[in-house]
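Consider the fold below as a set of packed pieces. The text that follows takes them in turn, beginning with a helix and ending with charged side chains.

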Amino acid sequence: MIPLDRLDALVVALWEQKIKDSKASAMQLMRKLFREQGLRPKQQKRVKSLFHQWLSTEALVEYALENSAPGGIIGVLAGPVRLLVSRVLAGDLSPKEARKKIPWMAWDVVVGIPQEVQKIPDLPRRLELLGSISPWLARRLSEVFGEEAQPCLEGLLGKAPVTIRSNPLWGTREDLQVSLEEEDILTRQCSYAPYGLVLEKPAQLLRSRAFREGAFELQDEASQLVASLVFPPLGGLVLDACAGAGGKALALGGMVGKNGRVVALDTSASRLSDLRRRARRARADHIEGFRVPQERWPPRIIEIARKADRILVDAPCSGLGSLRRNPDLRGRIHENEVRRVRAIQLRLLERAAQILAPGALLVYATCTFLPEENQEIVDEICQRVPGLERVPVAEIFARILEESGPLPFTTEEGMFFQSFPHRHGMDGFFGAVLRKRRS
Ligand SMILES: C[S@@+](CC[C@H](N)C(=O)[O-])C[C@H]1O[C@@H](n2cnc3c(N)ncnc32)[C@H](O)[C@@H]1O
């Protein structure tokens, strides 16, 4: 047996559970374990960090085992050995300490694996190992980004900042900064998102008084900027066609104000129930959640869509751009998954574009940067739906941000919003704005 401390043993149990139940997310499995084991917050944080670290380095761990374990790893040792290898690779455990636990591993080989992999000349293979991503995704990233694929992937593997969005229904961003400072929580303003703040050092944000009062929500800067692109009129009507737990719907609720209305749709009852809870905390009773079937909108939703000033389709996607927040997504992004979500993206965007009122705006967004989920979807729908035209996002940003000059996160000619962790420090999001010409 390999001597493991309690938290290490729990991480191995999580990994074994994940193999048995490949559909469960890492977060679901951890929540269940934390409940069952009654772990304190500090212990939970440690387990989460070890488990994410392991998931982020799975392919490197396998590569290290192939190169440094005599005769391969068998039976009950598989989990503990892999965990210790992932800890050594992440610099969280010294080879000396690891040797005390497993004397027969070539730990000096394990520590050199990351440098070894950097020397692999075949870019897709290198990406596959460095990012623990599927061979298909590694090839796609190399095709789309060429040599920039590696920095792009490294950005996706990095640590995400903690970013929040102040709730204008509660007060200003400056009021929030002052309120948080009274609780020793230091923040700075986001570079672009008008309501955004970035945490300067770790803090128990969700235990703060400001959070209980609904003064803010956690939301990445790119997601905030996509919501800003919708820029609904004060008192306006917005249809959020894929609202999920309400990240953007809540932001839109702040923009339309209490005299406006946000109708938030989703197919998932549990996400909508999270949305309602968050809307209550944000004092936003003008945000209404409706559960809709996958295939169509009921007549009353079609009526609302016809009258909406704005429709947002924040479509289900591969999630590539948010990998640094969801490390267990990495193995799931492959060709079939992208094909599956593309079909939903086309269907949802076409449905919204057909109903969109002349003069109203339709915003299409994803948290990925694969062109087949983004520009290509927009192009296809513009061909299918007569009178639909693209509005350059640069025009909209010029109206809503106090920035003059070119913005770093727009594509050529300012047509689309496209952010990347390695270029902008934000999650990878895409946004396009469409309008129906008045005939
Ligand atoms: C990218 S997430 C939305 C994130 C959310 N807008 C936010 O800002 O937090 C996509 C959502 O689309 C939902 N969805 C999938 N198919 C749908 C459909 N046909 N109609 C409405 N929502 C759908 C999923 O349940 C998921 O919550």
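**Helix α8 and its surroundings**

The buried residues of helix α8 pack against α3 (41-56), α4 (58-68), α7 (107-118), α9 and α10. Packing here rests on contact, meaning heavy atoms within 4.5 Å, and buried means under 20% relative accessible area, with exposed over 50% and partly exposed in between (1.4 Å probe, protein chains only). Helices (H or I, at least four residues) and strands (E, at least two) are DSSP runs, numbered from the N terminus. The model is a predicted one, in which local features need pLDDT of at least 70 and side-chain atom pairs count only at pLDDT 80 or more, while totals for chains, interfaces and linings use all residues. Residues are numbered from 1 along each chain as its sequence is written, and side-chain values use heavy atoms, with hydrogens and water left out.

Helix α8 spans residues 123-131, and because 7 of its 9 residues are buried, the helix is largely enclosed by the rest of the structure. The buried set consists of Leu 123, Arg 126, Leu 127, Glu 128, Leu 129, Leu 130 and Gly 131. After α8 comes Ser 132, which has a positive phi, near 50°.

One of the helices that α8 packs against is α4, and Asn 67 is placed in α4. Asn 67 has a relative accessible area of 42% and is partly exposed. Which residues does Asn 67 contact, leaving aside its neighbours within four places in sequence? They are Val 109 and Ile 113. Asn 67 and Ile 113 are 46 residues apart along the chain, and their C-alpha atoms are separated by 8.7 Å.

**Domain 2 against domain 4**

An automatic or database domain assignment supplies the domain bounds: domain 1 (6-119), domain 2 (121-157), domain 3 (163-218) and domain 4 (221-436). The C-alpha centres of domain 2 and domain 4 are 27 Å apart. Their contact takes 16 residues from domain 2 and 18 residues from domain 4.

About 1500 Å² is buried between domain 2 and domain 4, with carbon and sulfur atoms giving 68% of this area. Buried area is the accessible area (1.4 Å probe) that two parts lose on being put together, summed over both. Of the area that domain 2 buries against domain 4, 39% comes from Trp 136, Leu 137 and Leu 156, more than from any other three residues.

Polar groups also meet across this interface: 6 residue pairs are in polar contact there (both at pLDDT 80 or more). A polar contact is a pair of N or O atoms within 3.5 Å; within protein, one must be able to donate a hydrogen and the other to accept it, and residues adjacent in sequence count only if both atoms are side-chain atoms. On the side of domain 2 that touches domain 4, the elements giving two or more residues are α9 (135-145) and α10 (149-157). The most comes from α9, with 6 residues. By class, this side has 10 nonpolar, 4 polar and 2 charged residues. Ala, Val, Leu, Ile, Met, Phe, Trp, Tyr, Cys and Pro count as nonpolar, Asp, Glu, Lys and Arg as charged, and the others, Gly among them, as polar.

**Salt bridges**

Side chains of opposite charge can pair when their charged atoms come close. With a salt bridge taken as a side-chain nitrogen of Lys or Arg within 4 Å of a carboxyl oxygen of Asp or Glu, the model has 34 salt bridges. Across the interface of domain 2 and domain 4 there are 2 salt bridges. Arg 140 and Glu 372 form a salt bridge at 2.8 Å, N to O.

Asp 8 and Arg 87 form another, with their closest N and O atoms 2.7 Å apart. This pair links distant parts of the chain, 79 residues apart, with Asp 8 in helix α1 (residues 6-20) and Arg 87 in helix α5 (residues 78-89). Asp 8 is buried at 2% relative accessibility, and Arg 87 is buried at 8%.

In the salt bridge of Arg 325 and Asp 427, the closest N and O atoms are 2.8 Å apart. Arg 325 lies in the loop between β8 (310-314) and α17 (335-355) and Asp 427 in the loop between α20 (421-424) and β12 (430-436), so the pair ties together parts 102 residues apart in sequence. Arg 325 is partly exposed at 34% relative accessibility, whereas Asp 427 is buried at 4%.
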